[in-house]
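Please keep the sequence and the model in view while reading.

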Amino acid sequence: MYRRLKELRKSRNLTQKDISKKLEISQSLYCAYELGKKNIPILILSKLAKEYHTSIDYIIGDTNQITPYR
């Protein structure tokens with residue numbers, strides 16, 4: 001899951017600071033999420049899925065289908 005977060009962010013040329021601003025959290029907290037040091041709340045996962053136009057299932061590794069569900 002954490003590798004996917006980093007891949008999604010980098011594929012959109014975003015820094016941790018960029019995405020943390022969009023999520024309205026600190027960059028250090030986002031970094032902890034991306035490194036797997038903190039559990040990611042469902043609200044943040046939902047915001048990330050919307051930001052990256054994918055599903056929570058893709059982010060957490062339950063599917064390899066990157067496109068969101070209809």
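The axes of helices α2 and α3 come within 8 Å and cross at roughly 105°. That makes α2 roughly perpendicular to α3, a term for angles of 65 to 115 degrees, whereas angles under 35 degrees count as roughly parallel, those over 145 as roughly antiparallel and the rest as oblique. Axes here are lines fitted to C-alpha atoms, for helices over the stretch in contact, and angles run from 0 to 180 degrees between N-to-C directions. Helices are DSSP runs (H or I, at least four residues) numbered from the N terminus.

The model is predicted, so that local features need pLDDT of at least 70 and side-chain atom pairs count only at pLDDT 80 or more, while totals for chains, interfaces and linings use all residues. Residues are numbered from 1 along each chain as its sequence is written, and side-chain values use heavy atoms, with hydrogens and water left out. The chain has a mean pLDDT of 94, and 100% of its residues reach 70 or more; pLDDT is the predictor's confidence in each residue, from 0 to 100. Confidence is lowest in α1, at a mean of 94, and highest in α2, at 97.

Which residues bring α2 and α3 together? On the side of α2 they are Gln16, Lys17, Ile19, Ser20 and Leu23, and these meet Gln27, Tyr30, Cys31 and Glu34 in α3; contact means heavy atoms within 4.5 Å. By class, this contact of α2 with α3 has four nonpolar, three polar and two charged residues. In this division Ala, Val, Leu, Ile, Met, Phe, Trp, Tyr, Cys and Pro count as nonpolar, Asp, Glu, Lys and Arg as charged, and the others, Gly among them, as polar.

Ser20 is buried, with a relative accessible area of 3%; buried means under 20% relative accessible area, exposed over 50% and partly exposed in between, for a 1.4 Å probe and protein chains only. Leaving aside neighbours within four places in sequence, Ser20 is in contact with Ile25, Ser26, Gln27 and Tyr30. A polar atom of the Ser20 side chain also lies 2.9 Å from the backbone oxygen of Lys17.

Lys22, in helix α2 as well, is partly exposed, with a relative accessible area of 46%. With neighbours within four places in sequence left aside, Lys22 is in contact with Leu14 and Glu51. The side chains of Lys22 and Glu51 make a polar contact at 3.1 Å. Such a contact is a pair of N or O atoms within 3.5 Å; within protein, one must be able to donate a hydrogen and the other to accept it, and residues adjacent in sequence count only if both atoms are side-chain atoms.

Helix α3 (residues 27-35) also meets helix α1 (residues 2-11): their axes come within 7 Å and cross at roughly 125°. That makes α1 oblique to α3. Tyr2, Leu5, Lys6 and Arg9 in α1 meet Tyr30, Tyr33, Glu34 and Leu35 in α3. The residues of this contact of α1 with α3 divide into five nonpolar, no polar and three charged.

Within α3, the buried residues are Tyr30, Ala32, Tyr33 and Glu34. What covers them includes α1, α2 (16-23) and α4 (42-51). After α3 comes Gly36, whose phi is positive, near 80°.

The loops complete the picture. Between α1 and α2 lies Asn13, with a positive phi near 55° in a residue other than glycine; at 70% relative accessibility, Asn13 counts as exposed.

Leaving aside neighbours within four places in sequence, Tyr52 is in contact with Leu5, Leu8, Arg9, Arg12, Leu14, Ile19 and Tyr30. His53, in the loop between α4 and α5, counts as exposed at 59% relative accessibility and has a positive phi of about 55° although it is not a glycine. Thr54, in the loop between α4 and α5 (56-60), is buried, with a relative accessible area of 6%. Not counting residues up to four places away in sequence, Thr54 touches Leu8, Ala49, Ile59, Ile66 and Pro68.

How values were computed:
Helices (H or I, at least four residues) and strands (E, at least two) are DSSP runs, numbered from the N terminus.
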